[in-house]
Amino acid sequence: MLADLSPLIAATTQWLVRAYPASGGALAAALCEVQARQAVTVAAWLRYPTAMDAALVGMAGPGGCARLDWITGAGPDEDADEDAVAWRTWVDEVVASWAACLLADPGLAEEAVGALHGGGPARGLPVEFRRLLAPDAGDRSAAALLRHPDLLSPVADLHHAQLLARLTPGQALIA
């Protein structure tokens, strides 16, 4: 199932790091991308907790990033050809919003990762989300924009209530 969500995770990660770029050089960009990917992975696994959920989003598609672009003012280059921006159709707005929530709120990130280890796609996997849960000074510096609560709030606020509902004990697994 993890492979089924990989295009969604890759595209949503790419959107986040383009909307909230790293401050610094190549190492900072890599550290920023790792943090974004970890947050997006947690969010995607929470949003699509079963193989059936992943298969359905794979068939129907996640919806793209048009609303996210409008909210943040981000978007493709006007001169970019269609093939160069095709990945944007695989961005999942809810996953991006949930990932923004996790990046901005360490306590919520801890709760979300804890929920994954209780069941769902991460059950039994030796996954670690250290850069999301315990970023060091280099991580924080590289992802200053990506982790800034005020900058993330337009995206995070879109589906924050749904994330909280998903993390509430007793909720159904289907998001």
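Predicted model: local features only at pLDDT ≥ 70, side-chain atom pairs only at ≥ 80, totals over all residues.
**Exercise 1.** Find where Thr 12 sits, and decide whether Thr 12 is buried or exposed.

Solution. 
- Step 1: Look along helix H1, residues 6–19, where Thr 12 is found.
- Step 2: Check the relative accessible area of Thr 12, which is 0%. Buried means under 20%, so Thr 12 is buried.
- Step 3: Turn to the polar atoms. A polar atom of the Thr 12 side chain lies 2.8 Å from the backbone oxygen of Leu 8, and the Thr 12 side chain also reaches the backbone nitrogen of Asp 92 at 3.1 Å.

**Exercise 2.** Work out how far apart Glu 33 and Arg 37 are along helix H2.

Solution. 
- Step 1: Both belong to helix H2, residues 26–47, and they are four residues apart, which means a separation of about one helical turn.
- Step 2: Glu 33 is partly exposed at 29% relative accessibility, and Arg 37 is partly exposed at 32%.

**Exercise 3.** Say which parts of the chain the salt bridge between Arg 88 and Asp 69 links.

Solution. 
- Step 1: The closest N and O atoms of Arg 88 and Asp 69 are 2.1 Å apart.
- Step 2: Arg 88 is in the loop between helix H4 (66–72) and helix H5 (93–104), while Asp 69 is in helix H4; the pair, 19 residues apart, links distant parts of the chain.
- Step 3: Both residues, Arg 88 and Asp 69, are buried.

Technical notes:
Residues numbered from 1 in each chain as written. Heavy atoms only, no water. Helix = DSSP H or I, 4+ residues; strand = E, 2+ residues; numbered from the N terminus. Buried < 20%, exposed > 50% of the residue type's maximum accessible area, 1.4 Å probe, protein only. Polar contact = N/O pair within 3.5 Å; in protein donor to acceptor, adjacent residues only side chain to side chain. Salt bridge = Lys/Arg side-chain N within 4 Å of Asp/Glu carboxyl O.
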